Amino acid sequence: AKTGRGHCWGSRESEFPFVCSNMNFIGVTDVISTEVAFIAVDRNDGTGVCWGDPQGGGDCGHIDFHGVTDVYANHYAAVALDKITGNGQCWGDAQYGGNCTHINFWGVTDVYSTGRAFMALDRSTGKAQCWGDERYGGNCDSMTFARLTFVYSTNFAFLAFDKAMRRAQCWGGQDKGGRCSSFDFRGVSMIYSTKDAFMALDKDAGVAFCWGDRRHGGDCEGLSFRDTTNVYSTRRAFLALNKATGAAQCWGDAESGGDCSGLDLQGVRHVYGGVHGFVALLGGCPVDASRVATGGCACDPGFHGRIVYSPDGEFVGSCTACAGVNEFQDESGAEQCKACASGHFGIPKGDRAHTACDDARCQRPVVLPAQAHVDPWLCPSDGLMESFDDGTPSEATRCYLQCDRYWSTDGPLRRPFFTCQADYSLATASYQGDIECLADPCPDWACKNNGMVLGGNMAVGCQCRCARGWMGDDCSVSRAPARLCPDCFNGGTSVGEVARRNCRCYCTPGWVGARCGISRDIVIRRRVVHGFGALTFFLLGLVCTPFLGYIYIVRNPNSLLVERVVQFLRRIQSRLLVGEPFVASRPVARDGTELSAFS
């Protein structure tokens, strides 16, 4: 729509091929189709373009699309409706609804269609008008409709259902769904349809009845709809599904989806009905589980557990690995692990689960030379280590092994350390050939917690590169967290980290200090003592200063300082007595000259 370009394809050999390469689609908001034509409308600027069979809606050059709010179509005609002004325009095959000049569209809220007829409904008043082929529901003049009417249709018939009164009216093709007067619609909650049939379902009671073309879903007698949660349809078949259990029932044309026997639709999230078939989208299975042919989920080989389908439409359960030394599971969907035979051990599936046991016991003894220096722990717990002297070197050692893999028993599980490859002959009892014991490479599970194996082997040890937050030879030790700030006393809260040097304590009421260790009462008492001392010192100064001055005057009555003070006081007294303003003046000498402040 932004570029104005469109692509059309279909039959190019018909009289009116679906070609639109020369058309301008800029601003197109809606595309509607009949069986033989297309209509593209731009409701913003009130323009429209049609192509295809002119008799089936492909010619709309005379239609004014200004103000059009909705466009409807059946197989061979179309209706453009302006719900605001009540203006309706029709085009296409006049016999099948292409002529609506006699219809009053004022107040119309909805328009419905069968294959060759239309119905216009004013839901506020319950008034309905029908036009087109009467065999397809084009005549509803004798019918009255309530306000709470819901309209359904097949290709041949209409059904008007009053949900409040639980009553229904049908008209159109009698054998295609247009006759329903014999049915009791009390309790019906939902209506469904195919091309030629209707189905009415009472979910609470778990019952339903169908009518119309029996070949296309019009006969559902004998089916139980208890616990049915959803109903879907193609053009010629119905599907009733219980999502909680995955149970499904289908009826109608088998080649259009009417046969679903043998299907288990557990885990279905969505179902889509096409023209001739259904598509069911299934939900996912838990970890270590997969879909099975019946539609459910089952634990993979090497795991055990039980998975059930919940009423919410989800698979619930988990699968646990059969990872014990003597455990394995070679089937899917098992609820328990199997046990290996005595002397056998589970073979890992990757590093998590065992899907089989090792080979049978070694049938012949393995002869090792003395220089091999084999320690007894190399044999399994049920193996046999002994020395013998039958022509082999006197220090030779013989180990009767149960399998071709040596195991270590130090730990919760035995782990493979060596795999021995023999190159010898036991034609005689004497030792011939050599045995080379090769250290097994380190498996992925040797480094834990997502660590990466860098090198080494199971004999000398594995080298690991640990993931962030882990350390140790096998990455099993968690790194110590950043050192936190010291605790605060007396209920205080410590915030920050030592490494960032931003430690701080938030003290509780009554406590102060860097770590909330000082009582506020002690601080107050200290301040009172300090204040009292300062006040005492001040009062002593007031008392002592005049006394010291008096002693100085008595001892030095003729000093220059005393004489100047006396003159200054007398001058202040004389001026205050005569009411003159006081102005500070420089001191004078005995001869009457002014003295400098620095004399």
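**Notes on a predicted model**

1. Let's begin with Y272, which sits in strand β19 (residues 268-273); strands here are DSSP runs of E, at least two residues long, and helices are runs of H or I of at least four, numbered from the N terminus. A word on the source: this is a predicted model, where local features need pLDDT of at least 70 and side-chain atom pairs count only at pLDDT 80 or more, while totals for chains, interfaces and linings use all residues. Residues are numbered from 1 along each chain as its sequence is written, and side-chain values use heavy atoms, leaving out hydrogens and water.

2. Three strands form an open sheet in the order β1-β2-β3, with antiparallel pairing (two strands pair if DSSP finds at least two bridges between them). Its edge strands, β1 (30-33) and β3 (47-52), each pair on one side only.

3. Looking at one pairing, β1 and β2 (residues 37-42) run antiparallel over four bridges. Which residue in β2 is the bridge partner of I32? That partner is I39.

4. Finally, the UniProt record, an unreviewed entry, lists "domain: EGF-like" for residues 464-475 and 505-516; such annotations may be inferred rather than shown by experiment, feature names are shortened, and positions follow the numbering used here. Residues 464-475 are 0% helix and 33% strand, with end C-alpha atoms 7 Å apart. For residues 505-516, the span is 0% helix and 33% strand, and the end C-alpha atoms lie 7 Å apart.
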